[in-house]
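Please look at the sequence and the model first.

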Amino acid sequence: MALKHKCEFEDLNGDGWFILIYDEEYAGATLFEFVVGSSGFELTWEGDINNRTVPIVPSRVTIPMMVQNGNDEDLIDNLATGYEGRYFVEIYYRDPASPVLAAAHLFWRGILLPDLTEFEDAYYPQEVSLTAVDDLANLQNIPYQFSPDASGYGKLKGHIANALNKLRTWTITADTHRYTAVDYLRVKYDATNYTSPITNAELNYNRFKDNESNPPAYTSAYDVLHNVLSALGARIYWHAGIDDDSGFIVDSVPAHQYDDDLLTGYTVDSSGNATATTVTRDAITLNSTNYKKAAGWMRGYLNPLQRVERTFEYGGAGPFVVDHLYNYVDADNYLDGTDVTIFTAATIHYQEGTPLSLRFKMKAQGGADLTTRAVRMKITAKLNIGQFYARKAITHVGFTLVYPPSGTPTSVGTFSDAQPTWSTTTTHRLEFITPPFFIEEDHNVTFEFGVDMPGLPADLTSEDCVMDFVSILLDADGNEITSGTLFDIYADGSQEVREVYIFPSDVYNIEGANVSFIASNDNTTANEVLELPDVGFADLIGNKGGGLTVEVSGTRTQPSNWHSLAATGTDYNLHNLITREWLLGQSRNIRKQRGTIYDLANGPAGLPSFLHTFVVDTVKYALYTMTFRAAQREWEVEMLELARAGSVTTPTNGLSGALPEVPGLPPVYTTSFTNAEVNDEVHNDNGDIFSMFING
């Protein structure tokens, strides 16, 4: 790769700019000069003022190149016919004191995209619009994969650097700096001490790949970057500066709410090494000596938020549930009470007071050619965990008539449920009743059951868990059917238990299969709900882990207490904290401004960027979108008011609420069921007894 095309121009204030275009296929020494149109170039950050939580804010540059000769035309032709990634762009600010390229400061860099380049099909001279991007969006197409394969734990600072290492624009120069991180959170890593999550929080590489496929499937680098930033309430953008401080910034809107000018932070290199630094943020006042608002400046308002939510869907391998799943096919076709050990875990997750929930499906198949009659089936489940046995009895209370599509109306029993309890008696069981079904015709039905147990009466002595299932038909009087035609049909069929979930359920706010972290506004007139982006991991919630750990001096822990530097001493779970921080900044009406800014300064100390705070009529704002027209030294901006309330309502760290339901199973609190046809399902082998998933 070599520098092939160069442009130099001066803006309205007399400051100089260089636009450099590199060609991967060029090895020559000749440098071809080109000319740009009246705007010089336009740099746009593509945020969204109506989507305040976007974690990745890409940027793009539009260059109005004047095609005036064959060398210019060669660039256009090669760009149109070449591969994506062949041409790179760097823009430098020329210091008036040293007006040479060698002394210039990097302002922006990116990759030229041929499909975003437009030109008139006519002879030159003509203006052609070249478009370059910072390549962040392209990370969506790049697997988060390494050779040799990465394994074990990686710090968050390293995962961000690894994702940025996938950018093609970094091949222009040999520099190793990847980004600067603004430090605004603290995480507790032992009994008394806190540390920066950017530098010491970590995730296992296995979280970003699926080893069940061959070859393994990898999460995209974009998703990794999105997840890490979303979890921390952060965003990344290119900071275009003119004093050797250009580069990607990991920042946050909450960080703007408690500091005006200086922030502690870290510069991070391509290997994930962090060096402490101070991040300087200017307060740009409009109007002031250097910066003026143009005519037509607009002001509006965003309504106060009713609440802020972060929701996670969970299930067999979700980020929170320490669950245990197995499928069981009995060798005797019907379920006969064969003990199956579900798990023998070294770490005990179930303690005194921990509620426990059970969900499972029972599938029955059979065929017959007799008069259709209805019947109910009783499923008895042994659930033995540690020293305790789950108990829930059913009681016969009467009978009712069921009218099959053909045949004779049949009397079937009706039953009531006792409250579920824990016991130390080895013979105690959970009992469930199916709805009536027609056993004398061809049938393939699946029944779904669930029970939510109360908190354990004491800590478990072990977390060894054993289950078995027994099935039997019941007559209208509630008696077991152990002989006769119906029993023969029942015994000749096949039955299996599948999708058995056992999980602790004491630490969730639950709606359906989602766990939600909610911060609520005390303003009763607010009605807008802000949903934060989902991420696939969590810290320690109660006594359940979700994969996020902290490692300091060789000691690895699962953190549960975090605080913002704006709220020192107020500790929350990470996701409680992030929802709270967003609501604190938007729990009342907040102003939004948009318009044009003119720069009247001659060689200012800085230029407006996302890093800086803007002040209009003494009110502080943060940028969400911006377009910089270099030659005119003007900016089109959209920005939101920075406000911070005194307090909002947040849930306690030990979340509580409705008991959880596994995705695909019914909303149940004692015995419940559905009767659904199951078509062409693959049977599990007898040896496929169970699989256990412990996430985190």
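In this predicted model, F146 has a relative accessibility of 23% and counts as partly exposed, because the partly exposed class begins where the buried class, under 20%, ends. Its ring partner Y144 is buried, at a relative accessible area of 2%.

**Y144 and F146**
- The ring centres of Y144 and F146 are 4.9 Å apart.
- Their planes meet at 80°, so the pair is edge-to-face; the cut-off for that class is over 60 degrees.

**Charges over rings**
- F146 also has K166 over its face, 4.5 Å from the ring centre.
- R235 places its charged end over the ring of Y624, at 5.2 Å from the centre of that ring.

**Aromatic pairs**
- The count of aromatic pairs comes to 24.
- One of the pairs is F9 with F41, an edge-to-face arrangement with 6.2 Å from centre to centre and 70° between the planes.
- This pair links distant parts of the chain, as F9 and F41 are 32 residues apart.
- F9 belongs to strand β1 (residues 2-10), while F41 lies in the loop between β4 (35-36) and β5 (42-45).
- F9 is buried, with a relative accessible area of 11%.
- F41 is buried as well, with a relative accessible area of 0%.

Terms used
Residues are numbered from 1 along each chain as its sequence is written. This is a predicted model: local features need pLDDT of at least 70, side-chain atom pairs count only at pLDDT 80 or more; totals for chains, interfaces and linings use all residues. Side-chain values use heavy atoms; hydrogens and water are left out. Rings of Phe, Tyr and Trp (its six-membered ring) pair if their centres lie within 6.5 Å; planes under 30 degrees apart count as stacked, over 60 as edge-to-face and the rest as tilted. Helices (H or I, at least four residues) and strands (E, at least two) are DSSP runs, numbered from the N terminus. Buried means under 20% relative accessible area, exposed over 50%, partly exposed in between (1.4 Å probe, protein chains only). A charge sits over a ring if NZ of Lys or CZ of Arg is within 6 Å of the ring centre and within 35 degrees of the ring normal.
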